[in-house]
Amino acid sequence: MMVEGSTRNLRDLLERVRNWALANSPWLVHYNSGSCNGCDIEILATLTPRYDLERLGIKLQGSPRHADVLVCTGPVTRQSRDRLRRIYEQMPEPKFVVAVGTCSISGGVFRGCYNILGGIDEAIPVDAYIPGCPPRPEAIINGVALLLKQLQPDRVDEIDNLMVEMGIDPHAIPQEEDLTDEYADPIGIR
Amino acid sequence: MAIVRDLTYLMFFPAGLGLIAAGLFYQWIDRKLLARFQNRLGPRWFQPFADALKLLGKEEIQPHGTSAFLFAALPILALAGVLTAGLAVPLFGLPPVFSFPGDLVVSLYLLSLLMLCTGLAGAQTRGRFSLTGALRAFTQVFAYEAPFILALLSPSIALMIAGEAGSWQIWELAQSAANRPWFALTLPFTFIVAIIGLMGKLELPPFDAPEAETEIVAGALTEYSGRGLALFNLARAAELVIGLMLITALYLGGVGDGLLVPIIFTAKSLGLLVIVVMLQTVLARLRIDQTVSLWWKLGSVLVIAQWLIILIIRVLNLGG
């Protein structure tokens, strides 16, 4: 009985260490399954030094074999369904999928087109949805943070603090003025 | 008790686990400084540890068309080679775990095992990115290896040319270096070649053509996941520490006597790391043919020029 109990404890401990490591070093791989490139540009903006996601341990990887999180943009076209599935299957377990942008959730403006299957979840299982057309970097970080909080329920406060440091309110409901870019004003674009 | 002491030295500190932990810590300093130079905040202190643990806990996929034995054995061989090379080096200014005449040459060859294993790992998978990466890795080995080894043998060769007793034993060399002016000052050319050779060995920018993310995904290790990738990363982390410590022992004043020696020695190796990171930040990636011509046209010539200078000084002294 004692042996059984201690092996269970050990397994629990290993599981916790594994979860901690996973939540602290999510490596991304990015795939565009038919997007208009708007969301891709926002993802690249998220990875720039202004937000510096390396603080959360997030790194963009080239190879799906090295990645933990598949970041998908755009609706799934019939052409790209097999590629998307192959990339998903090349990733080692445990793996997560984040759908970025309205199109990746429902198909967006392309919904109903003859060559569109719909959202990412028509092809592969999705763990987190990030709405927006395109979502701002803060929204993308919020979505990834929600995924991390799911993995580590007891570290929610720490992740929230990090987001506040980045200038993001973790509980905010987006308002109209949040959705416009303050840096666009001086050069006259909205 | 001697067995317990030896095992502790081998497994925990200064070699073995202590070396790996130090490697991950040095990797964090590397990434943090790089981030600060790029005006970012950079990763948290435990980032490399979390990365290594996560990779160790992940599924390992063995792609079709590879030999199962080689696929599993190459990462282990790479890590084992690097850890063995660490035994003869005075890590953190402490006496080496296992020292014997000629260990300088043995260590240098064991340190190249990582690059060879990386190349073989890429060459035996069928992915085109891995193959290109492997080809570049092997090309780079042939480019930097000769000048790097010559540069690290230089302190000893310089002593012999100058008519004093040289040695091929790292510990003896490090102790005799403590009683002279720094070799970095008396042999500046080979010192530069040694630092830049270390960057080539670790595939750091500007010598990161073998794993150029923008061209060939992740180079030779594209198909590796989970445990294999983790072991290769740990090997590279340990090699960073061993390389820095080796150059510190040979070129930056060696290992003297006294209680403060380990602290000063480690501080010197960290200073060397700062130089390496600054070079990484400033320089852009070289094409693989540029790397080769840099090493053969400039690197080896610098080493030989340094030897000639010593020889000429000695001949003039004898003549005058």
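Pro94(A) lies in the loop that links helix H3 (78-90) to strand E5 (96-100) of chain A, where helices (H or I, at least four residues) and strands (E, at least two) are DSSP runs numbered from the N terminus. The peptide bond leading from Glu93(A) to Pro94(A) is cis, with omega near -10 degrees. The model is a predicted one, in which local features need pLDDT of at least 70 and side-chain atom pairs count only at pLDDT 80 or more, while totals for chains, interfaces and linings use all residues. Residues are numbered from 1 along each chain as its sequence is written, and chains are lettered from A and ligands numbered from 1 in the order in which they are written.

In chain B, a cis peptide bond joins Pro205(B) and Pro206(B), with omega about 5 degrees. Pro206(B) is located in the loop between helix H10 (188-201) and helix H11 (213-216) of chain B.

Chain A contains six helices and seven strands. Read from the N terminus, its elements follow the order α-β-α-β-β-β-α-β-α-β-β-α-α. Of the 190 residues in chain A, 35% are buried; a residue is buried if 20 or more other C-beta atoms lie within 10 Å of its own, exposed if 12 or fewer, and partly exposed in between, with C-beta atoms placed from the backbone. Among contacts in chain A with a separation of 6 or more, 77% are between residues 24 or more positions apart, a contact being a pair of residues whose C-beta atoms, placed from the backbone, lie within 7 Å.

The mean pLDDT (the predictor's confidence in each residue, from 0 to 100) of chain A is 79, and 84% of its residues reach 70 or more. Within chain A, confidence is highest in strand E4 (residues 76-77), at a mean of 90, and lowest in helix H6 (residues 156-165), at 73. Over residues 184-190 of chain A the pLDDT is below 50, and this stretch has three contacts in the model beyond near neighbours in sequence.

Positive phi values occur at two asparagines. In Asn37(A), phi is near 85 degrees; this residue belongs to the loop between strand E1 (27-32) and helix H2 (38-46) of chain A. Asn37(A) is exposed, with 12 other C-beta atoms within 10 Å. In Asn39(B), phi is near 65 degrees, and the residue is in the loop between H2 and H3 of chain B. Asn39(B) is also exposed, with 9 other C-beta atoms within 10 Å.

Between the chains, 17 residues of chain A are in contact with 27 residues of chain B. Helix H3 (residues 47-56) of chain B supplies the largest share of the chain B side, five residues. That side comprises ten nonpolar, eight polar and nine charged residues, where Ala, Val, Leu, Ile, Met, Phe, Trp, Tyr, Cys and Pro count as nonpolar, Asp, Glu, Lys and Arg as charged, and the others, Gly among them, as polar.

H3(B) is largely enclosed by the rest of the structure, because seven of its ten residues are buried. These are Gln47(B), Pro48(B), Ala50(B), Asp51(B), Ala52(B), Lys54(B) and Leu55(B). The axes of helix H2 (residues 17-37) of chain B and H3(B) come within 8 Å and cross at roughly 120 degrees; axes are lines fitted to C-alpha atoms, for helices over the stretch in contact, and angles run from 0 to 180 degrees between N-to-C directions. H2(B) is therefore oblique to H3(B), given that angles under 35 degrees count as roughly parallel, over 145 as roughly antiparallel, 65 to 115 as roughly perpendicular and the rest as oblique. Leu24(B), Gln27(B), Trp28(B) and Arg31(B) of H2(B) make the contact with Gln47(B), Pro48(B), Phe49(B) and Ala52(B) of H3(B).

Technical notes: Contact = placed C-beta atoms within 7 Å.
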